[in-house]
Amino acid sequence: MSWNYAQPVTIRFGNGRVKELEDAITQLNGKRGILITSDAFAKNGLAQQITNDSHGLICAVYSHVQPNPDVTECEACIALIKEHQCDFVVALGGGSVLDCAKAAALMATADTPVTAYMAGEMPLPPQSLPLIAIPTTAGTGSEISSVSVLSDHALKIKKPLASPAFFPKIALIDPELTLTMPRHLTACTGMDVLCHAMEAFWSRQHQPVCDSLAINALRLVFENLKTACDAPSNLAAREKMAEASLLAGLSFTVPRTNSSHACSYPLTNDLGIPHGEACALTIDYFLRINAHEDDGRIAMLSRMLGFASPLALADAICRLKRDIGIMPNLKAFNLTDEQIESLVQNSQNPILKLNPVDITPEMLREMYNQLR
């Protein structure tokens, strides 16, 4: 076996560490920065607190990033960065905010429209403005990954873009920021953690460092996600889920996500299902599919997590989804045959090829028909 592993992001993890923002900016020699966040944090005062804590180093704020950020939001961030001549970026929010900020920080170094990168017409710039990522959810791992997922809603496209230049310089991971997450968001992002780790482990590009990270992330999810949903003020559970999110994010950076994430993009684009919930819909299906041709890895993973077999692990995932309120199927959408075909066609993302079993359109069609 031959493999590489590198993690260029400086990680600062722990309760209260968001207060280290000014020190982090100073470490990057930042002079004029932009804060990219969402309306929720502008309204609850956290964005203003972050700005104040920078003691004048943050000179612009963009607070309109929506779930599944659109190319127009990224363009608006880029325009502000150039207008204020920003030399660093701070991202405060969930995966959508972090992804938008990562894209803006990179694409602001050139004059190419965001849509050209989405279409693959131009290579991504080689360098980014330095970025400090402050996650407020425990799920995406975007604060330490080299991937940014953007949407072009006008064209009904959701696409992951990958580049080493997307890596933030510093991740400030403060579990206390996740205490206000609503139950359903906690459940969705927690299942995203599970899917990241599961897909990283069985990816055709798996390697031992990422395997270890994935296994530990999965253990933490099974031990803490239900508690985090049922008792949102339980800081110990929140800390462990923040840790799980970080480990899972590290685990998929090299192997990449694959099957459930490939299917999640049309489920979100076409049906409006939140990303983590969309991934969770299919993860146990792919676990059962992959177990049929297992070379022993998935059986080993199941035993290490305390389950007798991959099928027992799949059953446990189904129980967890039920217990935390994740939708079990697609029955509520009353899907037509045409909609099923659209899901089948749009699930054939290139990352699907990283699944250990070749997934055919017929297999996707059967899965979606079972879900409806």
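Is Arg372 buried, exposed or partly exposed, and what is the relative accessibility of Arg372? Arg372 counts as partly exposed, at 30% relative accessibility. The model is predicted.

## Arg372 and Asp337

The side chain of Arg372 meets that of Asp337 in a salt bridge. The N to O distance is 2.6 Å. Arg372 lies in the segment after α15 (361-371), while Asp337 belongs to helix α14 (residues 337-346), so the pair ties together parts that are 35 residues apart in sequence.

## Arg288 and Asp315

A salt bridge also joins the side chains of Arg288 and Asp315, at 2.8 Å from N to O. This pair links distant parts of the chain. Arg288 sits in helix α11 (residues 275-292). Asp315 sits in helix α13 (residues 310-324).

Arg288 is partly exposed, with a relative accessible area of 27%. Asp315 is partly exposed, with a relative accessible area of 36%.

Arg12 and Glu20 form a salt bridge. Their closest N and O atoms are 3.0 Å apart. Arg12 counts as buried, at 10% relative accessibility, because the cut-off for buried is under 20%. Glu20 is partly exposed, with a relative accessible area of 24%.

Salt bridges link Arg12 and Glu20 with Arg17 and Asp23 in a network.

## Overall count

The structure holds 14 salt bridges. Among them are Arg372 with Asp337, Arg288 with Asp315, and Glu20 with Arg12. Side chains of opposite charge can pair when their charged atoms come close.

Notes:
Residues are numbered from 1 along each chain as its sequence is written. This is a predicted model: local features need pLDDT of at least 70, side-chain atom pairs count only at pLDDT 80 or more; totals for chains, interfaces and linings use all residues. Side-chain values use heavy atoms; hydrogens and water are left out. A salt bridge is a side-chain nitrogen of Lys or Arg within 4 Å of a carboxyl oxygen of Asp or Glu. Buried means under 20% relative accessible area, exposed over 50%, partly exposed in between (1.4 Å probe, protein chains only). Helices (H or I, at least four residues) and strands (E, at least two) are DSSP runs, numbered from the N terminus.
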